[in-house]
Amino acid sequence: MERIPILRMGEYLLVTIQVDMHDRLAMTLQDDLTNRISETGAKGVLIDISSLEIVDSFIGRMLGNIASMSRVLDADTVVVGMRPAVAITLVELGMSLTGVRTALNVDAGMDLLRNSLDARKDALYGSRIQ
Amino acid sequence: MATTTVNQNASLASIIERRRESILAEWLREMSGATRRSDLMKESELQGQCGQFLDLLARASGTGTNVQAAAYEPLREMLLDISRVRVQKGFTPRETAMFVFSIKRPLFTAIREAHGKDPVAMAEQMWSTTELLDSLGLYTTEAYLKSREEVIRRQQEDMLELSTPVVKLWEGILALPLIGTLDSARTQVVMESLLEAIVQTNSRVAIIDITGVPTVDTVVAQHLLKTVTAARLMGADCIISGVRPQIAQTIVHLGINLLDVTTKATLSDAFGLAMHRSGFSFIRSDKKEKRDN
């Protein structure tokens, strides 16, 4: 069965969607990703959708769901590289994906993940170290 | 019945042919009144048009009074041409239509003289000629309006293209100065060009300046919010600047929620914030030098 690969990069998981998403593929990705987060204890998830050309309300909701689920599993999610046409479609569908963080490209997305992880570490250990 | 019409029209053609010169002279005199614009068109040009019109009318009227028929094709084309030229030269619709209508008096005089002893035939021919000339006049007016509408449509398209420039202010900072009222079609163009520019220039901050937008109602605000949300989905921050006091009041009175969007009063404030967010800072050098001296 077709699957979307999930790559591990240190504390982060990298998902690159290179094919057209259909509903079953989206559900499989959701399963796989949540399993991998709990297995690896990843602190951040980066989803690259720069090759995604068609999006519908189901895929939009799935992106939102994945972000919320990762949040529950203590990992930040960043969606990067959304195309203008996809962004317009999602807005017209009334899905603003509140709670999902976004970045222009993988570079900017990794910066965002690192910064937020640093901020979390500071908040957790900063006072104790001092 | 149809044969008599044809006969009458054939006689119209023959009347025109026989008395071409006198009709032409009288027609030109008729037009020299209120409707002739010697400032916009030369005498000789008008004379040429009139002569051509008479010839074409004489040739076409032999086949019937239906202006849409194929026989009238050259005449229609000529009127279309005249209307188009007159739109460009600045004639009024009245002046353009009168070109056709002012031929009535000289033509009717000629018909009256031709049918001197037969009032029934004269009345009938006058009626059919009136009908013919009326439909030709209406056709001219329609053509005039169509040419005008074409000009308006082209200008609208030009405006749509011209009024949505996306400018790069700094590395990673874009600005979109909006001018004029925002409707759905324009917002679509604005949104698309902004998002495309964000991808192309790899910008993280976009400033939408609404100084030139006269009024903000719920629809315009909705469109602005959509643009901001779409930019956010792509990973760029939007700042709305140029909110005038009047517009701020309207927004609050309408109960529009702009709390999730950063708004600034002026473009310079927004630019300062964008620079700060991107990690740039300014140092004013000349002040320091003065203090040192």
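Trainee: Are H3(A) and H8(B) parallel or oblique to each other?

Mentor: Two packed helices are described by the angle between their axes and the distance between the axes. In this predicted model, where local features need pLDDT of at least 70 and side-chain atom pairs count only at pLDDT 80 or more, totals for chains, interfaces and linings use all residues. Residues are numbered from 1 along each chain as written, chains are lettered from A, and side-chain values use heavy atoms, without hydrogens and water. Helices (H or I, at least four residues) and strands (E, at least two) are DSSP runs, numbered from the N terminus. The axes, lines fitted to C-alpha atoms over the stretch in contact, are compared by N-to-C direction from 0 to 180 degrees. Helix H3 (residues 84-92) of chain A and helix H8 (residues 184-201) of chain B come within 9 Å and cross at roughly 135°. H3(A) and H8(B) are therefore oblique; under 35 degrees is roughly parallel, over 145 roughly antiparallel, 65 to 115 roughly perpendicular, and the rest oblique.

Trainee: Which residues of H3(A) make the contact?

Mentor: Contact means heavy atoms within 4.5 Å. A:Pro84, A:Ala87, A:Ile88 and A:Glu92 of H3(A) meet residues of H8(B) including B:Met191 and B:Leu195.

Trainee: What is the strand order of the open sheet in chain A?

Mentor: Two strands pair if DSSP finds at least two bridges between them. The five strands of this open sheet run S1-S2-S3-S4-S5, with mixed pairing. Strand S1 (6-9) and strand S5 (101-103) are the edges, each pairing on one side only. The twist averages 25° from one strand to the next. S1(A) pairs with strand S2 (residues 12-16) in the antiparallel sense over four bridges, and A:Met9 stands opposite A:Tyr12.
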